[in-house]
Number of protein chains: 2
Amino acid sequence: MITLEECRKCDQSDSLASKKALFNLPEGVIYLDGNSLGAQPKSVVPRMQTVLSQEWATGLVKSWNDANWVTLPLTVGQKIAPLIGAVPESVIATDSTSLNVFKCVAAACALNKGRRKILSEPGNFPTDLYMLDGLEAFMQGDLEVVIKPREELLDAIDEETACVLLTHVHYISAEMWDMKAMTAAAHEKGALMVWDLSHSTGAVPLSLDDCEVDFALGCGYKYLNGGPGAPAFAYINKRHLGSVKQPLSGWFSHKRPFDFVDDFEGAPDIRVMQVGTPVVSAMALLDEALSLWEDVDLKTLREKSLDLTDLFSRLMDDQLTGYGFTAVTPRNRSTRGSHITYRHPDGYAIIQALIDRGVIGDFRAPDHLRFGVTPLYVGYEDIYQAVMILKDIMSTQSYKQDKYTVKNAVT
Amino acid sequence: MITLEECRKCDQSDSLASKKALFNLPEGVIYLDGNSLGAQPKSVVPRMQTVLSQEWATGLVKSWNDANWVTLPLTVGQKIAPLIGAVPESVIATDSTSLNVFKCVAAACALNKGRRKILSEPGNFPTDLYMLDGLEAFMQGDLEVVIKPREELLDAIDEETACVLLTHVHYISAEMWDMKAMTAAAHEKGALMVWDLSHSTGAVPLSLDDCEVDFALGCGYKYLNGGPGAPAFAYINKRHLGSVKQPLSGWFSHKRPFDFVDDFEGAPDIRVMQVGTPVVSAMALLDEALSLWEDVDLKTLREKSLDLTDLFSRLMDDQLTGYGFTAVTPRNRSTRGSHITYRHPDGYAIIQALIDRGVIGDFRAPDHLRFGVTPLYVGYEDIYQAVMILKDIMSTQSYKQDKYTVKNAVT
């Protein structure tokens with residue numbers, strides 16, 4: 001049986017423990033939902049004050065140049081690049097994850113003209129599938145979306161496959177693809193590979209350039225702590241830069257947006273993935289949040305993440321066997337991301353009861369309880385206390401109250 | 001000759017004059033660029049503090065429900081609705097103007113299936129044309145963009161025209177279309193009408209429902225003062241709500257986004273124009289900025305706007321005849337918006353010299369000087385002083401300095 005003392009010892013020797021002080025976290029809360037919305041880095045508050053008072057109120061329209069608003073998407077992209085194993089010029093912060101799915105897949109199809117199939121898997125994060133739906137319906141037969149379960153995916157890649165879209169770490173199970181092997185398998189059949197990194201970036205070391213990934217995209221508001229609805233990012237492998245076209249060609253994807261000419265000429269660089277005017281306020285929050293990562297060693301982060309989910313798993317075995325929980329997340333360290341998920345028939349009510357006790361995880365239909373570990377602000381004792389509170393809720397059946405069973409719009 | 005005293009008298013009897021105190025404006029600046037980036041309403045500063053400290057830092061992921069983040073795009077849309085003459089349920093704040101052009105035009109084409117032409121005019125705001133370019137290229141022959149000069153547009157609408165996309169107030173000339181007549185002309189030929197309201201909303205009273213407009217979109221960071229890169233908005237006429245499909249179908253356009261099902265089912269309401277997760281921070285700024293409009297009478301605003309541009313025009317005649325300026329904006333009050341534009345061969349340098357003297361207008365290639373009047377925070381004396389400073393710059397030729405002639409990336 002793992003003890004509180006053992007967990008406290010782990011916290012004492014944790015080289016990332018000091019990072020927690022850089023976040024604004026409410027008293028008495030154990031936050032295990034940074035995989036949905038990252039906590040707030042303290043430094044974003046003064047940064048936003050600067051944006052509002054100096055840049056917008058005082059600098060006004062001049063701040064597009066003077067405060068470098070116009071290049072902020074590139075600056076942010078350059079800060080994300082080392083977290084995903086990319087050269088700085090291949091990443092840009094722009095729009096939402098959903099829109100970047102569309103742009104990346106459409107760009108891959110355009111590069112791989114003559115092939116008409118887009119391959120993905122059922123149970124992928126819904127917006128990935130929805131964006132493919134929209135693309136397919138709109139193309140009226142010119143493109144076809146093929147959905148195959150994980151075990152049939154490799155065989156389904158054929159000479160008609162333009163690209164494969166997969167989410168690297170699954171949003172429910174946390175199961176993680178072997179990026180290098182899967183990308184190579186797609187390439188072997190002449191297909192391009194598009195990775196959704198929403199549940200990987202800032203949680204798992206990535207090496208996109210080394211894996212020869214073609215396109216990727218990811219989320220700014222989960223492990224990157226950019227704030228609610230933060231801009232997402234897009235990646236184009238440097239070998240494709242200059243030849244990419246994507247259909248959402250707005251003035252910020254133009255080579256010279258401020259020439260105001262009628263004819264579109266796409267930027268020969270990563271700016272081609274932008275569309276309209278960047279959302280400066282949200283972009284500044286993400287930019288500031290990324291400064292936290294400057295001295296973080298991603299291998300250390302990954303080890304701590306795995307140790308924390310291992311700890312969660314072992315504590316569940318120690319304390320909650322017989323309470324009806326079924327583990328969903330792989331135990332193998334090399335095939336999972338940074339959250340851990342269980343099924344339970346009363347999952348929704350249990351999560352609500354946990355939240356009421358200050359342990360914030362989330363629920364995903366139909367019966368998944370999801371707990372994210374964010375090594376920058378979650379420690380070993382946090383995991384211990386969270387599981388002990390869960391045990392208390394289960395042993396007292398305190399989750400069986402009306403206030404926990406009525407569903408809200410969002411969890 | 002108009003005198004300073006006359007202008008001061010106008011300010012004294014201006015019922016909107018008190019609104020200026022609600023904005024954070026720098027000392028010594030006459031801001032005539034609110035048509036590019038609106039000035040900052042004072043109330044956005046405490047609102048952002050609430051978003052950062054209470055909603056994000058303390059409420060964390062629970063704020064999607066508890067702070068109504070998830071419905072903020074609808075709330076903001078409902079505040080924009082009365083400014084554009086629309087029922088509240090037909091407007092939503094989402095994404096950028098560019099993306100909303102794509103969604104509205106694609107949705108119009110889908111509703112008007114069997115017709116393949118999209119009509120617009122040369123010199124429309126570039127991003128409108130660029131988004132059409134992208135749509136056309138991507139559809140590989142299924143749709144065709146037809147660009148006709150203003151005088152040939154009416155005749156160009158035919159039985160193949162799926163929709164017409166026009167910008168209501170031109171971004172350079174300020175020339176304003178007769179929305180009702182143009183929409184009726186499109187409808188007469190069975191085409192749908194899409195209006196870009198970027199330079200109209202918050203400057204010109206609009207009556208979209210009354211004009212039976214099909215789709216519209218507009219900008220949040222110009223006359224609505226939502227901050228740099230603020231979310232844009234989209235409008236669907238209530239008669240189309242429920243039958244609209246647009247290709248950028250993300251999880252926030254789904255009927256039940258939080259069911260996390262694989263199959264897309266579009267929201268039967270205005271939410272169908274959303275794509276991904278809304279940018280909460282920027283959405284909150286726009287929401288707050290819109291509270292300024294609650295007691296603004298749009299007819300009064302429009303009269304002041306026209307009086308200010310008339311005053312600018314008459315002062316230019318009084319003071320700057322012979323200095324090489326050519327008026328671009330129509331003098332007819334019913335056919336222009338809320339900015340006024342002149343051509344001058346040294347336009348770029350003159351604008352830089354004006355900015356250096358605290359008069360902020362902007363330059364649009366190749367030789368346009370553009371001055372926006374925003375009746376909520378620009379007064380009559382402001383216009384007088386701006387023109388007198390321009391006269392001083394011209395008469396002393398002080399714009400002919402190197403520091404004013406080297407171009408920046410953005411103006």
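Colleague: How many of the residues of helix H9 of chain A are buried?
Modeller: This is a predicted model. Helix H9 spans residues 280–290 of chain A and is mostly covered. Its buried residues include Val280(A), Asp287(A), Glu288(A) and Leu290(A). The count of buried residues in H9(A) is 11 of 11.

Colleague: Which residues of S8(B) are buried on the one side, and which on the other?
Modeller: Buried means under 20% relative accessible area. By that rule 5 of the 5 residues of S8(B) are buried, so the strand is largely enclosed by the rest of the structure. Both of its faces are covered. On one side stand Leu192(B), Val194(B) and Asp196(B), and on the other Met193(B) and Trp195(B).

Colleague: Which residue is the bridge partner of Leu165(B) in S8(B)?
Modeller: Strand S7 of chain B, residues 161–167, is joined to S8(B) by 5 bridges. The two strands run parallel. In S8(B), the partner of Leu165(B) is Val194(B).

Colleague: In what order do the 7 strands of the open sheet in chain A lie?
Modeller: The pairing in this sheet is mixed. Strands pair through backbone hydrogen bonds, either parallel or antiparallel. The order in chain A is S4-S10-S9-S8-S7-S5-S6.

Colleague: Which are the edge strands of that sheet?
Modeller: An edge strand here pairs on one side only. The twist of the sheet averages 20° from one strand to the next. The edge strands, both of chain A, are S4 (91–93) and S6 (144–147).

Colleague: What angle does the direction of helix H4 of chain A make with that of S4(A)?
Modeller: Helix H4, residues 72–84 of chain A, packs on the sheet. The helix touches S4 and strand S10 (233–236) of chain A. Its direction and that of S4(A) make an angle of about 125°.

Colleague: How far apart are the closest N and O atoms of Arg333(A) and Asp310(A)?
Modeller: These two residues form a salt bridge. Arg333(A) lies in the loop between strand S11 (326–327) and strand S12 (339–343) of chain A, while Asp310(A) is in helix H10 (residues 298–320), 23 residues apart. Arg333(A) counts as partly exposed, at 27% relative accessibility. The closest N and O atoms are separated by 2.6 Å.

Colleague: Which parts of chain B does the salt bridge of Lys180(B) and Asp210(B) link?
Modeller: The closest N and O atoms of this pair are 2.9 Å apart. Lys180(B) is partly exposed at 43% relative accessible area, and Asp210(B) is partly exposed at 48%. The partners are 30 residues apart in the chain.

Colleague: Is Ser313(B) buried or exposed?
Modeller: Ser313(B) has its place in helix H10 of chain B, residues 298–320. Not counting residues up to four places away in sequence, Ser313(B) touches Arg331(B), Ile340(B) and Tyr342(B). The relative accessible area of Ser313(B) is 8%, which means that this residue is buried.

Colleague: Which three residues supply 12% of the area that chain B buries against chain A?
Modeller: In the interface, 86 residues of chain B are in contact with 86 residues of chain A. The area buried between the chains is about 7,200 Å², of which carbon and sulfur atoms give 70%. The three residues, which supply more than any other three, are Trp56(B), Tyr130(B) and Phe138(B).

Colleague: How many salt bridges does the rule find across the interface of chain B and chain A?
Modeller: Over all chains the structure holds 58 salt bridges. Across the interface of chain B and chain A, the number found is 0.

Methods. Residues numbered from 1 in each chain as written. Chains lettered and ligands numbered in written order. Predicted model: local features only at pLDDT ≥ 70, side-chain atom pairs only at ≥ 80, totals over all residues. Heavy atoms only, no water. Salt bridge = Lys/Arg side-chain N within 4 Å of Asp/Glu carboxyl O. Helix = DSSP H or I, 4+ residues; strand = E, 2+ residues; numbered from the N terminus. Buried < 20%, exposed > 50% of the residue type's maximum accessible area, 1.4 Å probe, protein only. Pairing = 2+ DSSP bridges. Axes fitted to C-alpha atoms, helices over the stretch in contact; angles between N-to-C directions. Contact = heavy atoms within 4.5 Å. Buried area = accessible area lost by both parts, 1.4 Å probe.
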